[in-house]
Amino acid sequence: MSAGSNGRAPTAVVTGAAGWLGQNLVRALAPERERVRCLVHGADDAPLLEVVGPSIEVVVGDVRDPATADRLFDGVRAPAVFHAAAVIHPESTVRELFDVNVGGTDLMLDRARRADAARFVHVSSNSPFGTNATPTDRFTEDSPYDPYLEYGRSKLEAEEFVQRAHERGDVETVIVRAPWFYGPYQPARQTQFFAAVRRGRFPLVGDGSQQRSMVFTGNLVDGLLRAEATAAAAGRAYWIADAEPYELRAILAGVRTALEAEGLAVSERRLRLPALAATVAEGVDRVLQGRGRYVQPVHVLGELGHTIACDISRARAELGYEPATGLVEGMRASVRWCLERGEQL
Amino acid sequence: MLRFEREVVRSLVTSPDAHVRAEVEHYVDGALRAMPEYLRGGLVAESVTLGAWAGIRGARKPTEPEALARLLGAWEESPLGVLCMYVRLFRSLVLFAECELAPAPAS
Amino acid sequence: MTTIDTDVLVIGSGAGGAVTAFLLAQGGRDVTVVEEGPWIDPDAMEPFSLEEMVAKYRHRPAAALGSPTIAYAEGRCVGGSTEINSGLYHRLPGYLAEAWRDEFDIDEFGPDALDAYAKRIEAELAVSRLPGAPPPSSALLERGATKLGWRAVEFARVFRYDTAGRGVKQTMTRTLVPRAVDAGATVVPNCRVLRVLRRDGRAIGARCRRTEDGRVEDLDIRADHVFVCGGAIQTPAILHRSGVRGRVGAGLKVHPMIKIAARFPHPVDHGGVPMQVITEFGPNLSIGGSASRRGQVAMALAESSPDFEEALADWEHVSVYYAAIRTEGAGRVIGVPGLRAPVVTYRLTEADLSRLARGLVHLGEALLAAGATELYPSVRGGPVVRRPEGLVDWWSSVTRSRANLMTVHLTSTVRMGQARSRTGTDSFGRVWGVRNLRVNDASLLPDAPGVNPQGAIMALAARNCEQFLSEA
């Protein structure tokens, strides 16, 4: 597919380029585009992207910073913007969630408008929609907002900014809502998750029948590129995920299968926690976040009791999206990536 | 107005004109009287405490006005919000009043 | 003890009270207005001057307790806060009327419900835009916005222009108060309501204390109907000390403002308040200009840096601007027995602080684009910013301990609507649980509107008056 055909802009701007999604996305864009302008937060991240190819141009800076935004879009005309920069797990206070997820989105939309962006593809989340009422309930694009705590509120407000920018005619936008990722370039917390499952230390909460949608990074990248290229997607939102949600117990079993298939011994131990543990953790999380504080393990445990599952019918119908990779295959790719980098699992 | 509060105001006023100084003091006095009781009560408690502390530090000797000025300057830079806001409140009232009551210097 | 008998007692003569007095007097009722403050000639003092603050402000200033505290001002005089505000005018946005109708179950309400009343108010107050070019302090906002491609509009104001193009703010003392008197209303200034009197579940008047020429006199006003129009702070305080609690006093909403004193290479004007407003980030974030007399410039400069004398000497080149937000958080007004002033608190969420920081950064961008050379933010310790590269530091400067915030708009402490668990009055301002007692001021608005609220308050008050006249 040559650059410029099928609605794909010759220049792409990617925020959060050094992140989990970003690294996968940039590697898909680099061979096909004349220029891929990448925003990374730290100077240490720049080499990670520069190695990808000659079309890569790295800008180091803060996504909330007007001067950085000016440099990011300097000399760029009619780009496709992929806005993936966000904070999911802040260091200790929830303030960062709003500064980056809302403030950063606001700034990127403004500069995209000024650069006459061809399209702004916004990476969103399940969090603005909360949790499903029952294990068989699925989020669709028409589901009402019901934000899960402060991250949910921040991503909700970001979506509202994106939609308003489109409605006002500032810039053409598409929102892509992605659930829990898995895939190469995973951060430390995902590696710790694999390690904990391997040692039998990751808890199965309740009976594990709660459903979780996940998305392999390769599938998500494919969805994002289709969101960019499909004319009729303008102004709309799409859930992009693996074909079906998985039961939590199936996710843990899938990780174990992948680890073994890649030659790693897996513990027989199984840690179980009653559903009540997650309920209590969620209550504590609510109180902490109400006071502006964020404690990651408490948040993660609180979420584990819930069903968070979406329906990808609209993406299939309108974008021609088909998830190519399934759970075990994707987990194996992740494990291989870790082992290639010498990560301790 | 408490005695210490008056000393603070006199320390912060920059104008040498006696009439302006008196007017500024009168304005701040009125502003403090007009404060809601719960805020005035808190401020009184601070003034009593800080006044005593300033006295212990030797910053309230009428013969050494610079001592109080230095102490107030230090409080204004303090990371302790209570100290900084105390001085800032009086600074704000005095600044505003001086600007309004003293003619602007010819530029 | 003196007793006054009247049909309708109106407590307070601000935006809500003056409309109420005027329309009910015109409607043939015998109206008595009591106003806690004095009746001051609107031409007697310069706007935003020291004299005006001493004479017309209730507190200099007051502050809502919280982290951070938020300073606020209320007018305490005939005409209320309309005598001390900027005079910017905006109708209640239709989308808000719709949202409030749905959320609070307000009868006969919606996007068009207040239009006819707003038109009438606009005629009475000569609401208009500037006949000529905006002054530099205002034009600079437009210039910055245009350079950045941001939407900005000139707000209308309650100003009447003479043939020479000079504008005079149409405050309540210039307009509806004298017109109410012409229609037969009596205005009693320097008269504070101690409490509303009730018997058998209905309001029968008020016990007041009048101060005239140093003499203090208690008086009773007997009325068939009582309208409480003291504003979002005094109205719940009056109701509390009259034994009316319920959903009264909670839910205070304000528009916290964070400011920048901006220094320009050329002189700017200092007599009025800019009428340009950057609406690009509305409705939750708006950017405009503030009063910038030398006193206000001095206070603004002092807040960010101890080394402000040099900029203050150059004060004629400095103008003060703000970013104002609608908040997720809310506050409370609590009447405390024995205390003259109620306790006021306000809670800002982390999302609110982030929005304020974002507002400050955007305001900084606009002012630099307009040609400002130095920006002094109302944040303890600044930093002072001279180039766009410096703006990013403000994200971490705006914290609970360092931000200096104020508000001039106060609303929502006695909300209206049929959703009784969340409102203090019904859809037309009738206080739940007490007959013949109404509220008709900013307290009724279910939320802060994101624009100057005077227009919304007055149109709403007019609508409620028409309902009253049709039933009684």
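Why is helix α7 (residues 231-241) of chain C largely enclosed by the rest of the structure? Ten of its eleven residues are buried, so the helix is largely enclosed. Buried means under 20% relative accessible area, with a 1.4 Å probe and protein chains only. Helices are DSSP runs of H or I, at least four residues, numbered from the N terminus.

This is a predicted model, in which local features need pLDDT of at least 70, side-chain atom pairs count only at pLDDT 80 or more, and totals for chains, interfaces and linings use all residues. Residues are numbered from 1 along each chain as its sequence is written, chains are lettered from A in the order in which they are written, and side-chain values use heavy atoms, with hydrogens and water left out.

Among the buried residues of α7(C) are Ile233(C), Pro236(C), Leu239(C) and His240(C). Just after α7(C), Gly243(C) has a positive phi of about 85°.

Now turn to the interface of chain A and chain C. Chain A brings 25 residues to the contact and chain C brings 27 residues; contact means heavy atoms within 4.5 Å. About 2,000 Å² is buried between the two chains, and carbon and sulfur atoms give 45% of that area. Buried area is the accessible area (1.4 Å probe) lost when two parts are put together, summed over both.

Six salt bridges cross this interface. Each puts a side-chain nitrogen of Lys or Arg within 4 Å of a carboxyl oxygen of Asp or Glu. Arg355(C) and Glu157(A) form a salt bridge at 3.2 Å, N to O. On chain A, α3 (66-73), α4 (95-114) and α5 (149-167) each supply at least two residues of the side that touches chain C. Of that side, α4(A) gives the most, with eleven residues.

Note on methods. Buried means under 20% relative accessible area, exposed over 50%, partly exposed in between (1.4 Å probe, protein chains only).
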